Amino acid sequence: MASLSAYAKNRIILAAVILALLAGLDVALGPTPTITITILGIAAMTPIGLAAIGEIVNERGGLVNIGIEGIMVVAGLTSIMAAEASGSPYLAMLAAMATGAAIAFVFALIATYGRGSQIIAGLGLNLVALGVVALGLLDYWGTPGFHMLADDSERPPRIFTAYGPLSWLYLLTFVAAFLAWFLLSQTRFGMHVTASGNNPFVTDANGIDVYRVRIKACVIGGVLAGLAGAFLALDYLGGVTKDVSQGRGFMALACIVFGALDIPLVLGIAFVFGLTEAIALWAQNAPWAKEFVTAGGNSFLLMIPYLTVIVALALFPGFERLSRMIGENYWRSQ
Amino acid sequence: MGHQEDAGHLRLDGRNGASRQAVAAGRGTGRIGARCSIRRGGQLRRDRVHHSAMSATHSRGDWLHEASLVAAPLLLGFAAAAAVIVVNGGSIGMLFTAFYNTVTNRNGLLQTVASGTALALTAQCFIIGFRCGVFNIGAEGALFAGAIAAIQVGAFWPLPQGIHLAAVMLAAMLAGAAWLYPVALLKTYRNVNEIVTTIMMNFIGRYLLAFFVMWVFRDTKVDTGAFSVPIRPTGRFPVIASPLTWACLLAVVVPVVAYVLLWHTRFGAHIRATGYNADAARGAGIDVRRLGAMVFLAGGAAAGLAGCVLTAGLSPTFKVGEDLSALRNFGLLGISVAMIGRNHPLGAMLASFFVAAVRTSRFQFQKMGVAPEVTEIFIGVVIFAFAFPYVFQSAATWIKAIRRSRWGSEEHG
């Protein structure tokens, strides 16, 4: 064990924790509910995981985009608008990805050429996004809180099994993870991204335009965050609400803080978060929890995913979680 | 370049301002202090060392400079809000009418001052952290925790007249501080990014308060929805004119206390030193870890007090509904207040009333038929614009250069 790197150790521990969780569910509830919860968990993991993988690419480049929560809500709004306008869920997802790319592009411009503070810009982005979504709901449809898709054909296709709805989109996270791994470790652009994140000074001096690389990495992150928002609105909820993401963007950030930009770790912890969310949802509908739920215990169950984040961050052994230059602004001198 | 940019992000593992490779390459990368960037053309970038020395001697030029740095984001916010209104079919004049009506209307003014109190307090929470290099966004969660404590002590504990209110305030402050303590621990011992933990705690706090309101604190005599038991009359802030209570005094007292703490005590000097350059502070013998934890406690106490103000000062009902509508958003708005106030406690005191007026103007906008969300967009754009002062500075320099080249004196040819 001593020869394993910290990453490998954490991966093994995380895998063991996941298996233990699933085994525990199996023992407590039986195989059928466990499979249902697992599938629901993968569905719940998709928005968090997609946003997290996008943010991995972004943070490898050296920028921290706290605004992915805002990107997700706005992309959710655009995807619903596009779904209604075009009738195709896939065009809607493309529209959402384009929205995410645009917002991330503005943010990246400010963080590089604009020499702005990334954290404050991200916070502002989140606020503006919430306002824009609320405004959009009011202006476009006249409904001030939420808007559900009326036509089921505008949603991505899913098959209804005995274990709950299944959709090809649930595999999106894993596809994105593979693509991100390939991009970051097997392409020259990926090398540039990692270099820009680790040491922009030397990278820039070597002729790689750090600003451009960071902007591209940020846009990729925005695209994935937009896709996460589209999935949330189109598939998971079937509509858009004022706070559609419910803090999932920040859970994605927590995944990255936990996983230190390592893709398997981030995927694993995203799955744990998704699983806890699935358990919370499932418990709300369980017959033995009816009294608890109607009397207000609902809120307690909703708390579980967020508590899990904190517990996970507290329990797992700490190591260099973020690249050294994370959040520190690199600004070229004149 | 205001104080806002000067506080770098505090890392408790010794990596503030110096990345190993850069140091090995012979270049310091400290954010503040000695910032040597790659020299291209032999030009050292603007060094910020002089600014920390200047902080003790504010000249009038500094005030003007700071004011102009605030003006640009506010103008951008106004422009964005005006754009939203115009796109929605209104006229720009509606913006000014709404704000004017808010402050001239008696009820609007009272509501503004009442909201401004809580905003000033949550702003202090962010400011104290920011001055130490910590991004404490947990004001909302600490506010909810303080509200829980305030309702528990205020509504359920019968205490004599004079002590009750003091006990409520104390309980709220302790609860708020205790709420952020786990965040402080995580940051100190695991170097976990406090942004993520505080935001998670915000959500947990919201659901926890909702749970308490709907179940533990539920007012069983009311059946038109879930409300908490009203605070007992002895535990309330004395009312001046509903919705204004004497809690508004806190909006003056707490910022002054924070100002004195930060600039006139040794503790405050340590905080600011850590904010400017944590490595230098550690080298000077300041216990950076303990300091980082204590600013969370202090900020949590301030935000908890805000929660107390929003429950024991929530005239005329003094009770909380299950949607927590009276307590929502004060955390993020507090951050906007802090920024508009240039991260200075007294500046935040003034800014809090401005932002409270913006918030209260929602009703006016609704009356005029404009979507009230325009206020959220205004605040959001203002915060966003505070992120990149450099853009405004270079724009101003560019304009000045053009003017000089067009209308400059002849001798420069």
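Helices (H or I, at least four residues) are taken as DSSP runs and numbered from the N terminus. The structure is a predicted model, in which local features need pLDDT of at least 70 and side-chain atom pairs count only at pLDDT 80 or more, while totals for chains, interfaces and linings use all residues. Residues are numbered from 1 along each chain as its sequence is written, chains are lettered from A in the order in which they are written, and side-chain values use heavy atoms, with hydrogens and water left out.

In chain A, A:V193 lies in helix 7 (residues 188-198). With a relative accessible area of 1%, A:V193 is buried (under 20% relative accessible area, 1.4 Å probe, protein chains only). Leaving aside residues up to four places away in sequence, A:V193 touches A:V57, A:R60, A:G61, A:L184, A:V213 and A:A217, contact meaning heavy atoms within 4.5 Å.

Helix 9 (residues 210-237) of chain A contains A:L234. This residue counts as buried because its relative accessibility is 0%. A separation of 20 Å is found between the C-alpha atoms of A:L234 and A:G142, which are 92 residues apart along the chain.

In chain B, helix 5 (residues 93-104) has 12 residues and reaches 16 Å from its first C-alpha to its last, close to the 16 Å expected at 1.5 Å a residue, the expected span being 1.5 Å times one less than the number of residues. Within this helix, B:L95, B:A98, B:F99 and B:T102 are buried. They lie on the same side of helix 5 of chain B because they cover an arc of only 90° around the axis, the arc being that of the directions from the helix axis to the C-beta atoms. On the other side of this helix, B:F96 and B:Y100 are exposed (over 50% relative accessible area).

Methods. Helices (H or I, at least four residues) and strands (E, at least two) are DSSP runs, numbered from the N terminus.
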